[in-house]
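Please open the structure in your viewer and follow the stops below in order. Each stop names a selection and describes what is found there.

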Amino acid sequence: MASSKEYLNFILEQLSESDEVTYRAMMGEYIIYYRGKVVGGIYDDRFLVKPTKSASAMMPDADMELPYEGAKEMLLVDDVDNKEFLCELLEAMYPELPAPKKKK
């Protein structure tokens, strides 16, 4: 099942107080970037983020879920209605995320 554009727009609105949040459509789902780094994505209308130490600490009870078959597990963000929490989550994760790969 592909994610809906409505859910993408809802998440983007929730993240609107964070600077430099962008997305890219990929096979019916959406990859979410923060300041050029991949933080997670929207898969089957679920907001999943990479399981960094800070994200795990901020969401100790979060479920680990597969974004799609064959992928690594990611953390399910339950508190998508809390804009302040989402902004803090991205800020905390940013230093732990790998730098974007250079395009050839």
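Begin by selecting Met27, which is exposed at a relative accessible area of 78%; exposed means over 50% relative accessible area, buried under 20%, and partly exposed in between, with a 1.4 Å probe and protein chains only. Met27 belongs to the loop between β1 (21-26) and β2 (29-34). Strands are DSSP runs of E with at least two residues, numbered from the N terminus. The phi of Met27 is near 55 degrees, a positive value in a residue other than glycine. Most residues other than glycine have a negative phi.

The model is predicted: local features need pLDDT of at least 70, side-chain atom pairs count only at pLDDT 80 or more, and totals for chains, interfaces and linings use all residues. Residues are numbered from 1 along each chain as its sequence is written, and side-chain values use heavy atoms, with hydrogens and water left out.

Next, select Asp44, in the loop between β3 (37-43) and β4 (46-49). Asp44 is partly exposed, with 27% relative accessibility. The hairpin of β3 and β4 has 2 residues between the strands, and Asp44 takes a positive phi near 50 degrees there.

Now display β3 and β4 together. They run antiparallel and are joined by 4 bridges; two strands pair if DSSP finds at least two bridges between them. Across from Val49 in β4 stands Gly40.

Leu75 in β6 is the bridge partner of Val49.
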